[in-house]
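Here is a short briefing for a reader meeting this structure for the first time.

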Amino acid sequence: MVEDVGGLQLDSINVLDRAHYLTVWSRFGPYDRRRLDRLVYVRRALFEYWAHAACLVPTSTAPWWRRAMLDYRVQHTGWSGWLQKNARMLKTVRAAIETNGPMAGGELDRERSAGGRGGWWDWKPVHHALHYLWMTGVLTVHSRQHFQKRFDLWERALVGTLGAEPVSPAEFLRWHVERSLVAMGAATETDLSRYLTFPRVAPALRRATLRTLLERGEVVEVSVEDSPGRWLALARDLPALVRAGDGLSRGTTLLSPFDSLLWHRERVGRLFGFDYRIEVYTPGPQRVHGYYTLPILHDGQLIGRVDAKRDRAAERLEVRHVHFEPWFARGAPPPRGGARVDRDAALAGLAETLDSLATFVDARQTRLDRVTPQRLRAPLVRHLKSSRASAKA
């Protein structure tokens, strides 16, 4: 999965569960989180780096990300003043981790307190140093405790990558474009700039890279129905895109707000007619759909969103608001084309998905509050009861 989408985004918000756990659940259903943790922090099949935002990326892509790490040292000149003032800090932080093994920022700060040292060992310089050393590939995230990062030397944590030389800058740019096209299938140039947003690539460099790939026949121009503009795809992906266009995606799931499908929200609007915003930082009275809303994906269409949270003490999944898209509620065709969605089947699919989510977050019960429009609440409640009865049978 991560190979296909390029990165699995991490985020600290824990209303239901961490974003990366939710993203895997939305594709595969309930699973043991420890299996994913072992994949990352024991088997080292994935490692943490900045791709779109902070993400888990495949360790097999290390030679390409190592190029980004090397370039970070010279391209991000905003660090220059800080580096001049804190060169000693970088050396001290690296030496502490080299001597003591994996450490978190808080442990480094406690070491400062225990040693009676002050001044430049305050919180901000230590954490700035850790971030810089991580972004430049000196350190990597060894593990997490209560979601707090613990850093170790790259060469000690990711031993299997030591023989892999970083690719050239030109190879990295080609790979960066190809990775995004693999994930999106077909994309505009704007889409490419908004998917893997790190490192920032100058538009002229991206256009030159695309021109080379087009001349080689590795990338081709394609048309997307009801979506004007210049669309691009990898030539090798055309058969799969044709098969996807001929078939219909089946099933229902909820998407994490940080799912890669939602990284470029303007693209989501163009392709699905779905206006999605994360309202976590919007003042409560100004929120339209809720604090932490998960889009409902049913049979290849985004038909609404669910605002939900987990009450850990009560072991309850609280579905505070289910808000269906107006076209779905009316029984109209999807706004960007396609057949009408079977509303009853969609409600049944959502009920099963909510049960699956409750199982995943260890909730013994589910409480449904508001549904918009209100007339869809009764049939959704009926399907929830039916889903629970089937699960108990």
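Helices (H or I, at least four residues) and strands (E, at least two) are DSSP runs, numbered from the N terminus. The model is predicted, so that local features need pLDDT of at least 70 and side-chain atom pairs count only at pLDDT 80 or more, while totals for chains, interfaces and linings use all residues. Residues are numbered from 1 along each chain as its sequence is written, and side-chain values use heavy atoms, with hydrogens and water left out.

**The loop around Arg277**

- Arg277 lies in the loop between helix H14 (265-272) and strand E10 (293-298).
- Leaving aside neighbours within four places in sequence, Arg277 is in contact with Arg265 and Thr293, where contact means heavy atoms within 4.5 Å.
- The C-alpha atoms of Arg277 and Tyr292 are separated by 9.7 Å, and these residues are 15 residues apart along the chain.

- The buried residues of H2 are Ala19, His20, Tyr21, Leu22, Thr23, Val24, Trp25 and Ser26, and their cover includes strand E1 (8-9), helix H3 (33-41), strand E3 (54-58), strand E9 (252-254) and H16.
- The axes of H2 (residues 19-28) and H16 (residues 343-360) come within 11 Å and cross at roughly 135°, the axes being lines fitted to C-alpha atoms, for helices over the stretch in contact, with angles that run from 0 to 180 degrees between N-to-C directions.
- On the H2 side the contact is made by Tyr21, Leu22 and Trp25, and on the H16 side by Thr353, Ser356, Leu357 and Phe360.
- After H2 comes Gly29, whose phi is positive, near 85°.

**Helices H10 and H12**

- The axes of H10 (residues 169-184) and H12 (residues 203-216) come within 10 Å and cross at roughly 80°, and the two helices are therefore roughly perpendicular to each other.
- Leu173, Arg174, Val177 and Glu178 in H10 meet Leu205, Arg206, Thr209, Leu210, Leu213 and Arg216 in H12.

- E11 (residues 301-311) and E12 pair in the antiparallel sense over 8 bridges, where two strands pair if DSSP finds at least two bridges between them.
- These two strands, E11 and E12, form a hairpin with 4 residues between them, and Glu315 in the turn has a positive phi of about 50°.
- Gly304 stands opposite Phe324 in E12.
- E12 also pairs with E13 (residues 365-372), in the parallel sense over 7 bridges, and Val322 has Val371 in E13 as its bridge partner.
- Because 8 of the 9 residues of E12 (residues 316-324) are buried, this strand is largely enclosed by the rest of the structure.

**The sheet E4-E6-E5**

- An open sheet is formed by 3 strands in the order E4-E6-E5, with antiparallel pairing.
- E4 (103-104) and E5 (139-145) stand at the edges, each with a single partner strand, so one side of each is left without a neighbour in the sheet.
- E4 and E6 (residues 148-153) pair over 2 bridges, and Met103 stands opposite Phe151 in E6.
- Helix H6 (residues 87-100) packs on the sheet, touching E4, E5 and E6, and its direction makes about 85° with that of E6.

Terms used
Buried means under 20% relative accessible area, exposed over 50%, partly exposed in between (1.4 Å probe, protein chains only). Angles under 35 degrees count as roughly parallel, over 145 as roughly antiparallel, 65 to 115 as roughly perpendicular and the rest as oblique.
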